[in-house]
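This briefing goes through a structure topic by topic. Please have the sequence and coordinates open while reading.

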Amino acid sequence: MNETLLFTILTLCALGVLAAIILYFVAQKFKVYEDPRIDDVEGMLPGANCGGCGFPGCRGMADALVKADNLDNLYCPVGGSATMNSIASYLGKAAVEKEPQVAVVRCSGACDKRPKTNHYDGTKSCVVAASLYAGDTACSWGCLGLGDCELACNFDAIHINPATGLPEVDEEKCTACGACVKACPKMIIELRKKGIKNRRVFVSCVNKDKGGIARKACSVACIGCGKCVKTCPFGAITLENNLAYIDPAVCKLCRKCVAECPTGAIHEVNFPPRPVKTETESTSEQKKSTLSEGNNPTRNEQKTETQE
Amino acid sequence: MLKTFKIGGVHPCDNKLSRGASIEILPLPAKVVIPAAQHIGAPATITVQKGDRVKVGDIIATASGFVSANVHASVSGVVQAVDMQKDAMGIARQSVTIAVEGDEWNETIDRSNDLITECNLSPKEIIDKIAAAGIVGMGGATFPTQVKLSVPPGKKAEFLIINGVECEPYLTADHRVMLEKAPQVLVGIRILCKALGVNHAFIGIENNKQDAIEHLTKEAASYPGITVVPLKVKYPQGGEKQLIDAIVGRQVPSGALPIDVGAVVQNIGTALAVYEAVQKNKPLFERVVTVTGKDLATPKNLLVRIGTPISSLLEYCGGIPDSTGKIINGGPMMGRSLCYPEAPVTKGTSGVLCMNEQESLRETDTPCIRCAKCVSVCPMGLEPYLINVMSRKKMFAELEEHKPTDCIECGSCSFTCPAHIPLLDRIRVAKSEVMKIIRSRK
C-alpha cells in the first residue's frame, strides 16, 4: 500500500521535473522580445481602454507610441496634453499639442420645443429606430432620445435628461474619446475644442430642411436665415444646406451671433450672464460695438475678455 | 405531396379578409405626390417644373443610372411643386406634386379592354419598352424589372418563375389580379419568357388560393409552356430564393443571384404591368392595393394611382377605425408602420393594413432562453439569436462570417421568438453595418 503511494508520488515528481525542463528550453527557443518601455508607457496611460485614440485599448496605443517615429497622429484624448507630454519626454520624442475637446450635443429640440408627431414603441435604441424611420417628431434630423450615446460612454459623462429627452454632457467627466460621436446615428454629437475658460458658442441644430419646414417641426431649429453669417465679424460662420456652422478654430467667442439668431439655435456655454441693460446703457453699448467693429479683431476680443 | 421550400418558415394566421372583394377603382384624389425614388437604386431625375401641364402617362422623371426606373404622371393636371416631400418613413425625398384636373390620358395609351395576345417585338425591344414604362418588381422589393431581364453575359436563364404566392397575411392584391386579369397576366408571362429567351414558366401559387389555382390552370391550358404549381402554405414562400427552392428544388448560394441557378423570378403584378406596357403602351402609374384590417369597415382591393395619399384609400374603405394602433404600409410581417397617413402610395405599396391597438402592441422582451426556435424558422439558415447579440455588442467585423447580409428581413425570427426579442431590428442594423464594411473593402 505504502509502496504504491510512494511510486505514484515519485513518478509524478519525475514527470513534473521533466516537463519543467522541456518547457524551459521551449520558452527560450520561442521567446518574443517585447520592448519593456511598452509596459511603462501603458502604465502612464489612463487605462480607460475606451478606444478614443483609435487603438483597441491602452496597450495597443502604448505599443504604437513606442514604435512610432513621431507622435504627430497619436493622441490620448482622455489623458490630454499632460499625459502626452510625460510620455513624450519618457520616450524622448516631441509631443503634439492639441487643444482639449469636449462632446457637444447639437440638438435642443426638447419635448416642448419639438412636438411629437408619432409614437415609437420599438427597440429602445437610436440606431434601430434610425434604420426604421425618420423619428417621432416632424424633424428628421434631430435627436431620437433613445440613449445610444449614454450606453456608449465609458466615463458616465453623457446622460439623457428625462425632462427634455435630450442627452446632456457632463463636462467634468467628458474626455472627448468620441464614443458617443460614433454611436449617434443622426450625427448630432460633435467634438469641439473646450475653449478659453470652457466657453463655447455653437449652433445647436443639425436640421438641413428649408427654414419653413424646420421651424414648423421645431421652434429652436436653425432656419438657415443667414443673419449670423452677416453678423459675424470674423467670418467664422458658414451656411450650407440651410444650416449654419460655426468654425471653432475661427470663432473668437464674441457672442454677437447668439443675440442675432431669431430662433435661439445658437448656444453660448459657460459665459457669465449678460448684464441686464437699461435703455440708455444698451444704446451706449451699441455705440461702443459699432466703434469697435472697425478695430482690429484681436483687440476686440481682448476687450471682451477684460470686461468679464 | 405539395411542394414547399426546405429550410425554416412559419405559419402565421393568414387573415385574408379581402379575399372575396373584387378590384374597385379608387376615385381620383385632389392631388398626388409622386416621389422620384420609388425603386431600389438611383432616384430618377425629375424633368418637369412647377406650372407644367401633364397628362396621365407622361414621363415626369427619367432613370438616372443602370439600376433606376422612369416615373410617370399618374393623373392629368398642373405640377404644383417639385420639392422635398415626406415619404412613408417620414424622410423627405424629391417629389412631384400634381393638382388633379380632369382625367386626360396620353394619346399613345391604348385604353380599350381588348386582349392583344400577339407580340412580334424582339427581346431587346421588349426590355426597352419595359424600361421606358418604369416597371419595377411589384411584390414590394421594387427592383427595376429591365435590370432583372437583362441577363449578364456568361449566364443563361433556363426558366421563369412567377410569384403568385402572396404569403404575407392579409394581402390579397395578387390573388384578385390572378382571378380577374388572368389572360392579361398570362400574355405578360409569355412576353417575359420571350424577353428572357426561355420556353418554360412556372406560376407558384399557395394552396390557400384554390380558386386562383383552378382558374389559372384552366386559362394556362391555351398558353404552351406555362405551368401552375400549387404550393404548401408557408411563410416566407414569396421570397425569391425560397420560391426557387420550392418550385425547382435549386438553392441559390449565399451572395449569388437567382440567375446563377438559371432562374428569374417576377411577381404576378409585374407580369400584368409588363402586359400593359408592351401591348397597351401603358406605363406603370397605377397598381392594385389591398386595404384591410380587422376593424376596418369594408376591406377592399383598390386600383390606385401612384401618389394617392394612403389616408384617402382608408377613407374609401370606411375611414380609419378609432381602435387603430398602427397603420402598416405593406403586410403585417414585412411592412413598416406609417409615420403619417398622408404618405403617398408608391410602386411598391402592396397593401395598407390597419392594426388595432391590441394587435400592434409590442410585448416586453425578456432574456433569450436559447430555445433556438429562431434558428429553426430562419429560411436563410442563419442564427438570428447570435446576430442579435453580436449586433448589440457592435461586433460587426466578426459578424461578417455569420452572413447577416443574407437576411431577407422576413421577420420569421421575431415572429416566433417566445421571449419577444426584436431580433429583426438588430439584424437589420447588423446587415447595413456589415454591408458598409464589405463596400469599404472594395
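This is a predicted model: local features need pLDDT of at least 70, side-chain atom pairs count only at pLDDT 80 or more; totals for chains, interfaces and linings use all residues.

Which residue with a positive phi follows H11(B)? That residue is Lys394(B), with phi near 60 degrees.

**Chain B overall**
- Chain B contains 14 helices and 17 strands.
- The C-alpha trace of chain B extends about 65 × 50 × 50 Å along its principal axes.
- Of the 442 residues in chain B, 52% are buried.
- Taking the contacts in chain B between residues at least 6 apart in sequence, 73% link residues at least 24 apart.

**Helix H11 of chain B**
- Helix H11 of chain B runs over residues 384-392, and its buried residues are Pro384(B), Tyr385(B), Ile387(B), Asn388(B), Met390(B) and Ser391(B).
- In an α-helix there are 3.6 residues a turn, so residues three or four places apart point the same way.
- The cover over the buried residues of H11(B) includes helix H10 (373-377), helix H12 (396-399), helix H13 (412-416) and helix H14 (423-441) of chain B.
- After H11(B) comes Lys394(B), where phi is positive.

**Domains of chain A**
- Chain A splits into domain 1 (36-91) and domain 2 (101-269).
- Taken over C-alpha atoms, the centres of domain 1 and domain 2 of chain A are 31 Å apart.
- Six residues from domain 1 of chain A and seven residues from domain 2 of chain A take part in the contact.
- On the side of domain 1 of chain A that touches domain 2 of chain A, four residues are nonpolar, two are polar and none is charged.

**Contact between chains A and B**
- In chain A, 14 residues are in contact with 14 residues of chain B.
- The side of chain A that touches chain B is made up of five nonpolar, seven polar and two charged residues.

**Cys153 of chain A**
- Cys153(A) sits in the loop between helix H6 (148-152) and strand E2 (158-161) of chain A.
- Cys153(A) counts as buried because it has 24 C-beta neighbours inside 10 Å, where the cut-off is 20 or more.
- Beyond its neighbours within four places in sequence, Cys153(A) is in contact with Ile158(A), Ala179(A) and Cys180(A).
- From C-alpha to C-alpha, Cys153(A) and Cys174(A) are 8.8 Å apart in space, with a sequence separation of 21 residues.

Conventions: Residues are numbered from 1 along each chain as its sequence is written. Chains are lettered from A and ligands numbered from 1 in the order in which they are written. Helices (H or I, at least four residues) and strands (E, at least two) are DSSP runs, numbered from the N terminus. A residue is buried if 20 or more other C-beta atoms lie within 10 Å of its own, exposed if 12 or fewer, and partly exposed in between; C-beta atoms are placed from the backbone. Two residues are in contact if their C-beta atoms, placed from the backbone, lie within 7 Å. Domain bounds come from an automatic or database domain assignment. Ala, Val, Leu, Ile, Met, Phe, Trp, Tyr, Cys and Pro count as nonpolar, Asp, Glu, Lys and Arg as charged, and the others, Gly among them, as polar.
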